[in-house]
Each structure stands twice: as structure tokens, then as C-alpha cells.
Amino acid sequence: MSVPGILVSAARSFSLTCPSASLLRSRLLGASSIKRRNMTSRRQMDHLERTASNSRQNALYPAKVCGIINESETVKRLRIAVHPDFSFKAGQWVDFFIPGVEKVGGFSMCSSPGLLQREGVIELAVKYSKHPPAHWIHTTCTLGSHVAMRVGGDFFFDPSPTDSSVDLLLVAGGVGINPLYSILLHMTDLLHVNHASGGRDYNIGSTHLCYSAKNTQELLFKRSIMEACQEFPDKLSCDFHVTQQSTDVDSHLQPFIKHGRITEEQLRTHVDPQRTLCYLCGPPPMIEAVSKTLMELGLPKDRIIFEKWW
């Protein structure tokens, strides 16, 4: 039996129900929990090949699609009910096995570990392409579809209560927002935990998101990102950068919008070499350019963690 066939058979041996939908949220870290991923960009390589050197869990878990929404004209968001033993850290991805599809997908979670704990689900946002796993999600996947997943990746933010606080700078390009949105939601979850305990649980610094896309339609999760920033204005902030906007920007977005690419001056405002920890995810040329700029601003190389998507 093929690997996908084995996994589908395993998936059907479990009964997974889909918890009710609700808002997503998020979590933080210290130097001991920083992991770095440094990879070359090779579009011709399969996900399993190009991530062969990355850490992975051993377990493959059955899962069932229990929600599908159009996040944008080109991106679908899947809500997936998972096995009770499934776990991940904010920023990680899954190997995504589909029955009848030979290629294995690789997709970052765009939900927080807190949502998994509360409702037993994860979420993936996948942009349309002809790559078989993404194509299946956009053309064949339905409510109730069975898949299997294995968690991997060394790009994550997972602090413990004893870690010193850091200030996060999250820089995303296009669908590179997915793991950074997971980190932002995780941070939001930690802020809720601290609020409930009177600030006794985690040492939480500030988080700033710089998110670049062609236009406002391509800015994923923008409403919930703005809501999080408005809920915790002293801890969370964001700038949405649009590079090819051809229509007027909605008034509710205006305070967050900057036209053009992310600049050195905009990054400088959020870089403190002693406190800033930067996570980058997006097209390789963007990652290389932003990394170079950050180092020129004095941020040490070991405080720049990146994930390149192809």
C-alpha cells in the first residue's frame, strides 16, 4: 500500500469531530528556545527533499477537514480536526499527506497552539498553485476529507515563563505571513494569560509586524491582526505595506497602510540589538535583502531567524 494509502487507512480508524469555529489567538520566548532554519532556495526540490535536514516529529497523525473558507481570491483556509496527541509550536509546518496524491505538501500552521488546546483544530492557509497538494486543496478538498500530517520545522517561537522578555520583529512577504501570524496569535494568547494572572506568568516584550503584499486584497488575516493590535496597543503593532495598490484603500485600513516596500528607516524604528529578535518569512530575495539591512542596523546574525518559501 502507498504511504498516503496507509495514512488514510489510519485516519479512518479514528473518529474526529470538528469543534465549533471561533477566533484564533497566540505565544512568546527566550534565547534557549530559539531555533534557526537556514536553507537554500531551490524551486525544483520537493518539500520532503528540501526539509530533509529539519527536525521532525516521529508520529504521523490522521486528520479531517472540518472547515474551508476563501481567505482571498487566491488563498483557501482549511480548518482541520486533529488527533488528541497532535502538538506543534508557533511557526512550525506540517508534512501534508493526501490520499491518492503522490507528492507530499508542506504548509505552515496559521493558527496558534492555544486554538489547538481549546478546540482540537489547526488551520492552514494555502495559495493556489499547480503543485499537486495545493491544487488538491483548491479543486478537490471538501468538508470531511481525510488527510494525515506530521509536524516539523526549526522556525518557531516557544518561550517558557522563566525566559527573559524579548521584543519581536516579524517581517512577512506574501503567504510568508502564515507562520508569523501563528507567532502573533501565540503572543496574543500569552497576553491573555498574563492579563488573567495579573502579569505573573510570562515576561512579555513588544511585537511589531511588517507585512508586505501586492495590494490590500492579498493581505491575509488583516482584520484579526488589526483587532489584536487594538486590543493590546502597548504590546502589539503592525504596518501593512502594499507595493502595487491600484485602488483606494478602505478607511479602516488607512492607519495601518504604508505604500511601497519595507524600508531601512522603517526597520530601524523597531531594532534594538540587545532586545530585538526578528523572524522573517517570504520570498528568498526579500529575506536576503531584509537580513542584510538588519545586520547593517546592528542586529546580530543569531537574532535573525528566517524561513524561505519557494
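**Close-up views of a predicted model**

L60 is partly exposed, with a relative accessible area of 34%. Partly exposed lies between buried, under 20% relative accessible area, and exposed, over 50% (1.4 Å probe, protein chains only). This is a predicted model: local features need pLDDT of at least 70, side-chain atom pairs count only at pLDDT 80 or more, and totals for chains, interfaces and linings use all residues. Residues are numbered from 1 along each chain as its sequence is written, and side-chain values use heavy atoms, with hydrogens and water left out.

**View 1. L60 sits in the loop between α2 (47-50) and β1 (61-70).** Helices (H or I, at least four residues) and strands (E, at least two) are DSSP runs, numbered from the N terminus. L60 and M149 are 89 residues apart along the chain. Their C-alpha atoms are separated by 5.6 Å.

**View 2. Six strands form an open sheet in the order β4-β3-β6-β1-β2-β5.** The pairing is antiparallel. Two strands pair if DSSP finds at least two bridges between them. β4 and β5 stand at the edges with a single partner strand each, so one side of each lacks a neighbour in the sheet. On average, neighbouring strands are turned by 40 degrees against each other, direction ignored. Antiparallel β2 and β5 are joined by seven bridges. R79 has E123 in β5 as its bridge partner.

**View 3. Helix α4 packs on the sheet.** α4 touches β2, β3, β4, β5 and β6. Contact means heavy atoms within 4.5 Å. The direction of α4 makes about 105 degrees with that of β5. Axes are lines fitted to C-alpha atoms, for helices over the stretch in contact, and angles run from 0 to 180 degrees between N-to-C directions. Within α4 (residues 132-139), the residues P133, A134, W136, I137 and H138 are buried.

**View 4. Helices α5 and α6 cross at roughly 30 degrees.** Their axes come within 11 Å. α5 and α6 are therefore roughly parallel to each other (angles under 35 degrees). Y181, L184, T188 and H192 in α5 meet S224, I225, A228 and E231 in α6. By class, this contact has four nonpolar, three polar and one charged residues. Nonpolar covers Ala, Val, Leu, Ile, Met, Phe, Trp, Tyr, Cys and Pro; charged covers Asp, Glu, Lys and Arg; the others, Gly among them, count as polar.

**View 5. Helix α6 (residues 222-231) has buried residues S224, I225, M226, A228 and C229.** Their cover includes α5 (177-197), β8 (207-213) and β9 (236-242).

Conventions: Parallel < 35°, antiparallel > 145°, perpendicular 65-115°, else oblique.
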